[in-house]
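Good morning, and thank you for coming.

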Amino acid sequence: MPVTSSPVPPILPPATLGMLGGGQLGRFFVSAAHEMGYKVWALDPDPHSPAGLIADRHLVAAFDDLAALDELSAACAAVTTEFENVPAATLDYLAKFVPVHPSAKAVAVCQNRVAEKTFLADHGLPHGPFAVIRAEDDVRRAAADLFPAVLKIARFGYDGKGQARVANRDEALHAFHGFKGEVCVLEKMLSLDCEVSVVLARDESGSVQIFDPVENRHRNGILDVTIAPAHIGTMLAERARGSARRIAEELGYVGTLGVEFFVCDGELYVNEMAPRPHNSGHHTIDACVTSQYEQQVRAVCGLPLGEPRAHSAAVMVNLLGELWYEGGRSDGAYHEPDWSVLHGVPNLRLHLYAKHHARPGRKMGHFTVVADDVAKALDVALAARAAIGISGDAP
Ligand code: ADP
Ligand code: MG
């Protein structure tokens, strides 16, 4: 008889799981874990963090606070993250005492645009033209056909922050000064047919479950609307799934992973990866057999991954902080939006994150409309988006 290594037994309820980060992605993880009978401790420095509010224990501490990390690892059977900027050293430290998924190595690739682009290039994964900018000279030497371009700081950018659109070399130099010497990537500005993303989950045995690709429409660099499934051909959808799967495999990834793509002249380019559930996977709560958050719980606990099949088409609309201000302007009067407008819409589910204070551009909640087909879901969702008072063109 061949000797087979016995599989690691799964972590079962009522075990306690650890969550690094207290944002809405963490909050949905806490809800999913609670539904499944687990307890969750969240670590986040913000005393009002949305996940901290509903976690069984909220450690209000910095991500590099060793005493807090010791407490977390002593209490938890496994630790995961919802925040891609958790220091790799924190994940490495925790991993000495408790299983941590995804690994520090995988998170490190996703949290630095230089490491991310290098990873894509090294593995022959499709990506747009770019240059690494460490000094002014790198801007001067960058290929002329990169312009017009987007200059992005390598670390800590999100929701379009830490980015500047630059028409030419002079503007790029100016923007680089503005970023105060931070290492950057200079990306060719692509003319996008559309943007899509793929969310998947991978477990320790290497099995992968992939949600259908979705289409994402942004406004001011922030996700506005997600349409599920994406209206792209089956060939492109298969390629998106294939690239996302390869990324997860090459990273040795365990957990839920989001991969953003640009579609440009019918070709697919990886934009970036998120080592956590993704905003464009929120609809999986209401439209799929297993949500991206339940998949994260399952992957982290060593349970078999769930079925990602969608039982409805869905459209998700983000609710940003400007909705709390009269006229959508930060100097306008502050008031709670009239949620009854949304509660009256059939097949619409509203999710609010209980954030302490709304700021323009801050993700405060979202709603998902489910329907038999995408066109119907989009009609209802865009009408609801206008009715609640989201200003600007429907995407
Ligand atoms: P983040 O989501 O971390 O803020 P992204 O790199 O995804 O940063 O950029 C945000 C959005 O800006 C993208 O989803 C896309 O709409 C737009 N964008 C970013 N880079 C490019 C590019 N090279 N060409 C065209 N549009 C871009
Ligand atoms: Mg992005």
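Predicted model: local features only at pLDDT ≥ 70, side-chain atom pairs only at ≥ 80, totals over all residues.

Residues are numbered from 1 along each chain as its sequence is written, chains are lettered from A and ligands numbered from 1 in the order in which they are written, and side-chain values use heavy atoms, with hydrogens and water left out.

Let us turn to strand β9, residues 194-202. Strands here are DSSP runs (E, at least two residues), numbered from the N terminus. Nine of the nine residues of β9 are buried, so the strand is largely enclosed by the rest of the structure; buried means under 20% relative accessible area, with a 1.4 Å probe and protein chains only. In a regular strand, side chains alternate between the two faces of the sheet. Both faces of β9 are covered, with Val196 among the buried residues on one side and Ser197 among those on the other.

Next, the partners; two strands pair if DSSP finds at least two bridges between them. β9 pairs antiparallel with β13, residues 255-264, over nine bridges, and Ser197 stands opposite Glu260 there. Three bridges join β9 to antiparallel β11, residues 214-219, where Glu215 is the bridge partner of Val196.

Finally, Glu260 and Glu272 coordinate the magnesium ion, ligand 2, through OE atoms at 1.9 to 2.7 Å. Donors are N, O and S atoms within 2.8 Å of the metal (3.2 Å for Na, K and Ca); water is not among the atoms, so sites may look incomplete. Both Glu260 and Glu272 are buried.

Definitions and conventions
Buried < 20%, exposed > 50% of the residue type's maximum accessible area, 1.4 Å probe, protein only. Helix = DSSP H or I, 4+ residues; strand = E, 2+ residues; numbered from the N terminus.
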